[in-house]
Amino acid sequence: MNETFKFLKENTQVNFISTIDGNKPSCRPFGDPIMVGNKIYVITNKEKNVSKQIKKNNHVCIVAYDGENWIRINCELIDDSDNIKVKQVVIDEFDWAIEAGYTLDNPDFQFLYMANVDATIYNEDGDILESYNF
């Protein structure tokens, strides 16, 4: 798990999350994952289409590239937005959080943790360098 988080947080600036929108794939950039306890979280807003798609089908694929290697993460995203501890971590860690409306009392402030994770890091040739399940 730590290696997966490090790849997303330290090695890359943008991660791409793919969801299902009706019967079509949909992909968009994400950034700023956080780790609280033994969970890796992504942050969004419940009003966004990505949130609505995850609510219908929480199986996602996350891909990121660090200039040499890339990671593919197949997982479920579990809504943990009622967890005040995690909300506070986001607010404390990111100076943009309050300005973006991420406050303790904002019901649209959403964060989801990765569960049933199958993460694989590949080199540019597509060779598997490491695999993780958690």
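Biologist: Is W96 buried, partly exposed or exposed?

Modeller: The model is a predicted one. Buried requires under 20% relative accessible area and exposed requires over 50%. W96 has a relative accessibility of 30%, so W96 counts as partly exposed.

Biologist: F94 and W96 form an aromatic pair; which kind of pair is it?

Modeller: The ring centres of F94 and W96 are 5.1 Å apart, and the angle between the planes is 25°. Planes under 30 degrees apart fall in one class of pair. The pair of F94 and W96 is therefore stacked.

Biologist: Is F94 buried or exposed?

Modeller: The cut-off for buried is under 20% relative accessible area. F94 has 6% relative accessibility, so F94 counts as buried.

Biologist: How are the rings of Y41 and F111 arranged, edge-to-face or stacked?

Modeller: The structure holds seven aromatic pairs. In the pair of Y41 and F111, the centres are 5.8 Å apart and the planes stand at 70°, and an angle over 60 degrees decides the class. Because of that angle, the arrangement is edge-to-face.

Biologist: Which strands does the pair of Y41 and F111 link?

Modeller: Y41 and F111 are 70 residues apart, and their pair links distant parts of the chain. Y41 is buried at 2% relative accessible area, and F111 is buried at 0%. The strands that hold Y41 and F111 are β4 and β7, respectively.

Biologist: Which element gives the largest share of the largest nonpolar core?

Modeller: The largest nonpolar core has 22 residues, and those with the most contacts inside it include I62, C75 and M114. The elements that give two or more residues to this core are α1, β4, α2, β5, β6 and β7. The largest share, five residues, comes from β7.

Biologist: Which element gives the most residues to the lining of the largest pocket?

Modeller: The largest pocket has a volume of about 170 Å³, and W96 and Y102 are among its lining residues. The lining divides into six nonpolar, two polar and three charged residues. With three residues, the element that gives the most is β2.

Note on methods
Residues numbered from 1 in each chain as written. Predicted model: local features only at pLDDT ≥ 70, side-chain atom pairs only at ≥ 80, totals over all residues. Heavy atoms only, no water. 1 Å grid on protein atoms, 1.4 Å probe; cavity = no way out; pocket = protein on both sides within 12 Å on 5 of 7 lines; lining within 4 Å. Points joined across faces, edges and corners; volume = space filled by probe spheres on them. Helix = DSSP H or I, 4+ residues; strand = E, 2+ residues; numbered from the N terminus. Nonpolar A, V, L, I, M, F, W, Y, C, P; charged D, E, K, R; others polar. Core = buried A, V, L, I, M, F, W, Y, C linked by side-chain atoms within 4.5 Å. Buried < 20%, exposed > 50% of the residue type's maximum accessible area, 1.4 Å probe, protein only. Phe/Tyr/Trp six-rings, centres within 6.5 Å; stacked < 30°, edge-to-face > 60°.
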